[in-house]
Amino acid sequence: MLRALAVDDERPSLEELLYLLNADPRIGSAEGAGDATEALRRINRALESGPDGPDAIDVVFLDIQMPGLDGLDLARLLTGFARPPLVVFVTAHEDFAVQAFDLKAVDYVLKPVRRERLAEAVRRAVELRAAGRHGTAAPRIPVHEPDPDHIPVELGGVTRFVAVDDITHVEAKGDYARLHTGRASHLVRIPLSTLEERWRSRGFVRIHRRHLVALRHIGELRLDAGTVSVLIGSEELQVSRRHARELRDLLMRRTTS
């Protein structure tokens with residue numbers, strides 16, 4: 001039975017999260033905090049109580065954007081504790097996923113919170129606690145491809161396989177990469193340089209230190225006052241000077257072959 005602390009500065013969101021947590025039979029107790037400062041005081045009391053004490057906390061469900069000390073700041077502080085609680089981020093913003101995973105959060109749940117998605121986060125926390133793991137723990141993000149034509153991505157606690165041919169471009173996010181298709185985007189724990197090498201033979205080319213694109217999905221090559229860009233769907237991406245000539249040559253060869 002997990003002892004949980006939910007942290008959110010928006011009262012309706014906090015109450016909804018507490019309602020869902022208390023409805024989960026694996027949650028022994030759940031209490032709330034309206035900001036990170038209040039949560040830090042509560043966590044300090046839990047640590048003083050010890051892992052088996054009456055004030056102990058096993059997992060913190062943490063919003064990110066809050067006034068003052070935000071959720072990422074609090075998570076960074078917790079990494080300095082000897083036996084911190086596990087951390088699950090619960091947020092309306094997917095843009096912080098890279099920072100959250102760098103802090104080795106158990107999970108990253110997007111609002112509005114679905115019951116089944118939160119249940120998956122609770123399951124992960126239960127497994128880690130049962131294994132004797134304390135502190136933040138790395139989420140299970142797919143790293144290796146089962147076959148060259150697909151790449152596994154995690155969506156809503158379910159691993160799905162995205163066809164490489166459907167990927168229009170890839171954006172670097174530190175040690176992670178965001179895969180863009182015509183309908184969605186997916187974050188995977190693979191550096192852009194690795195995907196560049198892996199997919200070079202499949203028509204992917206580096207156009208910028210932050211972008212890898214599929215040649216077949218380039219709709220336009222634009223030249224404007226010495227700058228070069230490509231249009232992929234409705235999105236325009238800048239091409240760096242060092243990659244511009246190679247890109248033009250590749251596109252010309254594709255049109256004449």
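Reply: Let's start at Ala 225, which sits in the loop between strand E13 (220-224) and strand E14 (227-232); helices (H or I, at least four residues) and strands (E, at least two) are DSSP runs, numbered from the N terminus. This is a predicted model, where local features need pLDDT of at least 70, side-chain atom pairs count only at pLDDT 80 or more, and totals for chains, interfaces and linings use all residues. Residues are numbered from 1 along each chain as its sequence is written, and side-chain values use heavy atoms, with hydrogens and water left out.

Ala 225 isn't a glycine, yet its phi is positive, about 50°. Its relative accessible area is 79%, so it counts as exposed (over 50%; buried is under 20%, partly exposed in between, with a 1.4 Å probe and protein chains only).

Lys 104 also has a positive phi without being glycine, near 60°. You'll find Lys 104 in the loop between helix H4 (97-102) and E5, and at 43% relative accessible area it is partly exposed. A cis peptide bond links Lys 111 to Pro 112, with omega about -5°.

Now for the packing. Phe 89 is in contact (heavy atoms within 4.5 Å) with residues including Leu 103, Ala 105, Asp 107 and Tyr 108, leaving aside neighbours within four places in sequence. Phe 89 and Tyr 108 are among the residues touching the most other members of the 29-residue largest nonpolar core, a set of buried Ala, Val, Leu, Ile, Met, Phe, Trp, Tyr and Cys residues joined through side-chain atoms within 4.5 Å.
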